[in-house]
There are 2 protein chains.
Amino acid sequence: MESIKNRRTIRKYKSQNISDDLLNELLQEAFRASTMGNMQLYSVIVTRSEEMKAKLAPLHFNQPMVTTAPVVLTFCADFNRFSLWCRQRKAEPGYNNFISFINALSDTLLVTQNFCTLAEDAGLGICYLGTTIYNPEPIIDLLNLPELVVPVATITVGYPDECPAQPDRLPLNGIVHLETYKQYSPEDIDNIYAYKESLPENLNFISINNKETLAQIFTDIRYKKSDNEFMSSGLVKVLKRQGFFEDR
Amino acid sequence: MESIKNRRTIRKYKSQNISDDLLNELLQEAFRASTMGNMQLYSVIVTRSEEMKAKLAPLHFNQPMVTTAPVVLTFCADFNRFSLWCRQRKAEPGYNNFISFINALSDTLLVTQNFCTLAEDAGLGICYLGTTIYNPEPIIDLLNLPELVVPVATITVGYPDECPAQPDRLPLNGIVHLETYKQYSPEDIDNIYAYKESLPENLNFISINNKETLAQIFTDIRYKKSDNEFMSSGLVKVLKRQGFFEDR
């Protein structure tokens with residue numbers, strides 16, 4: 001499976017469009033992923049119009065891929081469709097709760113990753129936007145998502161117009177545990193992160209940001225506690241608004 | 001990508017083992033999936049011992065695959081390793097909150113799906129156990145998971161000893177929306193679920209369970225509101241215990 005092994009995130013795309021046929025084929029195949037009780041708890045919103053891309057872009061902190069990619073896909077955890085079906089069939093759905101959100105989120109992310117693999121294998125490039133859950137409320141409004149539907153992942157797709165270096169990954173033994181979790185010793189941590197810390201681009205990050213360590217780039221600049229706390233309460237609020245925390 | 005198109009969940013495995021080399025290669029390649037800020041917020045626990053499988057099985061409602069598969073993998077959302085690194089590098093991690101759990105969960109599920117694709121492409125069969133988040137506490141205890149580590153998906157893997165029929169999937173137009181979400185009309189719902197409702201095995205389910213509709217099988221038997229509510233509060237409790245809800 002060379003396309004997975006050699007993959008890299010693509011942020012620059014050719015102007016060439018993606019045909020409806022190809023996109024639909026990739027989506028259809030992606031929906032073969034494992035799904036909880038075969039309920040298929042997801043929906044996908046396809047954005048092709050320039051107008052909608054321009055409106056989506058600021059909701060993803062103006063990352064340029066949103067407007068430059070021919071296709072933007074918003075993958076949504078969706079218990080709305082299934083619940084409508086239940087009500088229409090004399091069955092009372094009980095999915096307005098936290099576990100059901102996590103179940104739908106899981107279904108959705110498996111399909112999202114399947115789509116990315118298939119797209120890359122077909123010669124397309126993708127970028128996964130983690131920003132979707134940072135500020136989901138205006139995305140919900142823009143895409144007109146009803147109750148029990150929450151956007152969880154956004155993928156920009158297009159034909160690659162760059163071939164960046166593959167990013168580093170931690171060594172396998174830093175991630176895989178045999179039989180039980182072995183808590184990391186200080187030496188383990190040093191070994192696991194040594195290569196990442198040695199990379200010239202990371203040393204440069206430390207220097208231009210006037211920091212002492214690479215970890216400080218993450219804790220003080222990129223993924224700050226105060227931002228995380230703000231987004232955590234925002235996400236809980238959104239889950240309540242979309243009806244996944246009815247009992248709270 | 002024929003292996004994705006033709007995939008089916010495999011619950012019966014040959015006795016043939018999976019070599020460490022193959023398993024490690026598949027995991028290593030799976031870790032190429034997109035990851036938030038390249039933090040790789042996951043760990044994988046490999047279960048090979050009969051003793052551990054026997055202990056895991058009841059925590060997955062005694063699904064037989066847990067003891068009959070040569071390998072069981074528990075994929076865990078993990079902010080422990082990253083936080084240890086931060087503390088060891090004069091950086092104060094701020095990841096004991098809900099958004100960080102969702103970020104780690106997302107990273108983990110992308111890798112899980114990548115692993116499944118790679119395993120199937122290598123001729124293995126997998127079964128995704130959604131039961132992992134139904135009752136995570138004893139799994140945490142058994143696998144010795146520290147704070148900021150939560151099991152989110154379990155995969156049984158082995159060489160296939162069956163070739164079941166491919167399950168049905170909803171029609172593409174029941175899942176994909178153009179530009180904005182189009183709320184489903186009653187006719188849409190009828191159309192989307194018509195094929196599923198027509199399947200002999202589903203008609204049989206209704207009959208042997210003395211129900212009126214297929215939806216009632218889901219709401220009254222398989223995924224009941226009372227069970228969902230019980231599991232929701234259990235999951236919130238576990239997230240608190242593992243330190244992902246420090247502010248609540």
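Helices (H or I, at least four residues) and strands (E, at least two) are taken here as DSSP runs, numbered from the N terminus. Residues are numbered from 1 along each chain as its sequence is written, with chains lettered from A and ligands numbered from 1 in the order in which they are written. What follows describes a predicted model, in which local features need pLDDT of at least 70 and side-chain atom pairs count only at pLDDT 80 or more, while totals for chains, interfaces and linings use all residues.

To start with confidence, pLDDT is the predictor's confidence in each residue, from 0 to 100. Chain A averages 97 on that scale, and 99% of its residues score at least 70. For the model, ipTM is 0.98 and pTM is 0.98.

Next comes the overall build. Chain A holds eleven helices and five strands, and its C-alpha atoms fill a box of roughly 60 × 45 × 35 Å along the principal axes. A residue is called buried if 20 or more other C-beta atoms lie within 10 Å of its own, exposed if 12 or fewer do, and partly exposed in between, with C-beta atoms placed from the backbone. On that count, 47% of the 248 residues of chain A are buried. Two residues are in contact if their C-beta atoms, placed from the backbone, lie within 7 Å. Taking contacts in chain A between residues at least 6 apart in sequence, 77% join residues at least 24 apart.

The contact itself takes 92 residues from chain A and 92 residues from chain B. On the side of chain A that touches chain B, α6(A) gives the largest share, 13 residues. Sorted by class, that side of chain A has 46 nonpolar, 29 polar and 17 charged residues; Ala, Val, Leu, Ile, Met, Phe, Trp, Tyr, Cys and Pro count as nonpolar, Asp, Glu, Lys and Arg as charged, and the others, Gly among them, as polar.

Helix α6 of chain A covers residues 98-121, and at 1.5 Å a residue its 24 residues should span 34 Å; the end C-alpha atoms are 35 Å apart, which agrees. The expected span here is 1.5 Å times one less than the number of residues in the helix. Of the 24 residues of α6(A), 23 are buried, so this helix is largely enclosed by the rest of the structure. Just after α6(A) sits Gly123(A), with a positive phi of about 90°.

Now for the strands, where two of them pair if DSSP finds at least two bridges between them. Some pairing crosses between the chains: strand β1 (residues 42-47) of chain A runs parallel to strand β5 (residues 176-178) of chain B over three bridges. There, Ile45(A) stands opposite His177(B) in β5(B). Within chain A, strand β4 (residues 149-158) has ten of its ten residues buried, so β4(A) is largely enclosed by the rest of the structure.

Met52(A), found in helix α3 (residues 50-56) of chain A, is partly exposed, with 19 other C-beta atoms within 10 Å. Leaving aside residues up to four places away in sequence, Met52(A) touches Thr47(A) and Glu179(B). Over in chain B, Asn38(B) lies in the loop between α2 (20-30) and β1 (42-47). Asn38(B) has a positive phi of about 55° although it is not a glycine. Most residues other than glycine have a negative phi. With 14 C-beta neighbours inside 10 Å, Asn38(B) counts as partly exposed. Asn62(B), in the loop between α3 (50-56) and α4 (65-68) of chain B, also has a positive phi of about 55°, but Asn62(B) is exposed, with 10 other C-beta atoms within 10 Å.
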